Amino acid sequence: MTDTSSRATPLTDGERAELDRLRAEIATLRERTPRRRIRWRSLATGVILTLGCLLMPVALLTVWVHNQVADTDRFVETTSPVIREPSVQTAITDRVTATVFEYVDVPELTSDALGVLSAQGVPPAVTDRLQGLAGPLESSLRGFVRDRVAAIVSGPRVAELWDRSLRTASEQMNAVLSGRSEAVVVSDGEVRLDLAPFIAEAKNQLVQSGFGVASRIPDVHPTIAITDATTLERAKNGYSLLDKAATWLPWVALALIALGVYAARRHRRALIGAGLGVSLGMLVIAAALLITRGVLVGAVPPRATVAAGVSYDLIVRFLRDGLRLVFAIGLVVALGAFLAGPSATAVGVRRGAGKAIGWLRRGGAKAGLRTGPVGPWVHAHLTALRFGLLGVAVLVFVSLSSPSGLTVLVIALVLVFALGVLQFLDQPRGDEVINRTAGSPGTG
């Protein structure tokens, strides 16, 4: 007996036609399904913006290097406060004092003096007692010399000598970075500064103060560690390229960012990304400066760590100011582009600002405040006035000689306040009374 339940039931003509139709539709859909295409425009704008953001911190570094090398006044302004720092003065005082007593042997001088006294017939009991005073005498002399050296190092003559040396060093900076300078030497893997001018000044002052034995100090050249030789070698390798790029690299970075924003499909989103990218680059450089400080301070002897840290902070302070400035600009640009966008957060912020302005309008209406013809005129030229205020803010920023990050924030806040006042004066209709427009505040 055959099991008919296992046999397939033949399709009817209608079912066969329906099956063929479905198979044809599936085949058509497979043919029409678009392949995933690479959005070359978005990729290109992303690459351009990324390159511009990466070049911005490099451009800032090149400008800083150029200012320190090419501008003597700026170099002196940067490094002049180093010698006036108490920790640096203490380190120099200790080093100079130690150098003085390397060539002034107090116990030997005491022994010679006692020998002369004995030869002159002084009783041995007296000379023995004087011999017991050799230790306190050496300590007193060391304290006297250190006090005199400290007064010299902290005095105006050494500060003037330091400034003159800096000006000379600025002129010789190219020679230092090219390895042809004799003022800065490399010894035992360290870059060292010659202290001979300080030794000579201390010697003259001590002799004039009555400590004539200081005239025995020969013409010596003790050194003090500045940094490690690896840092100098890296500076030599990068100096030429950075110095040449200082004039054009910032403009290249700005041009790339502007081109990326212009070519992007969504300009506002690209502007937000550019602002945040520039700010992130500044944070990376700031972190690198902090790490470099730790490495350099750890490379010097323990007694000189405080002086090395203070000196480093003074030398890079203008670079840090530039980092804060560019960071603030990038953050303000990104925040402004975000708040002008269509996101729920931006719309909510603008709606809240509009409600606040409406509340102020109602308060002004109750007080009898009228705008007269100003309100309709502001409404008719609102867009132009907004761009005008933005242009004034940019002009103020550009005209400042030494703007800072705080300056950028203050200008931004003043601009926001001015835009709020403009929105407050906006009168969509020709009514003079402010409360007629209080029910529909603009969102700007």
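At what angle do the axes of helix α18 and helix α19 cross? The axes of α18 (residues 382–399) and α19 (residues 405–425) cross at roughly 160° and come within 10 Å. Axes are lines fitted to C-alpha atoms, for helices over the stretch in contact, and angles run from 0 to 180 degrees between N-to-C directions. Helices are DSSP runs (H or I, at least four residues), numbered from the N terminus. α18 is therefore roughly antiparallel to α19 (an angle over 145 degrees).

The model is predicted, and local features need pLDDT of at least 70, while side-chain atom pairs count only at pLDDT 80 or more and totals for chains, interfaces and linings use all residues. Residues are numbered from 1 along each chain as its sequence is written, and side-chain values use heavy atoms, without hydrogens and water.

On the α18 side, the contact (heavy atoms within 4.5 Å) with α19 includes Leu382, Leu385, Arg386 and Phe397. On the α19 side, Val408, Ile411 and Gln423 are among the residues involved.

Helix α15 (residues 317–339) also packs with α19, at an angle of about 25° and with the axes 7 Å apart. These two helices are therefore roughly parallel (an angle under 35 degrees). Arg324, Leu325, Ala328, Ile329 and Val332 of α15 meet Gly405, Val408, Leu409 and Ala412 of α19.

Elsewhere, helix α4 (residues 86–103) holds Thr93. Thr93 has a relative accessible area of 2%, so Thr93 is buried (under 20%, with a 1.4 Å probe and protein chains only). Not counting residues up to four places away in sequence, Thr93 touches Arg146, Val149, Ala150 and Val153.

How values were computed. Angles under 35 degrees count as roughly parallel, over 145 as roughly antiparallel, 65 to 115 as roughly perpendicular and the rest as oblique. Buried means under 20% relative accessible area, exposed over 50%, partly exposed in between (1.4 Å probe, protein chains only).
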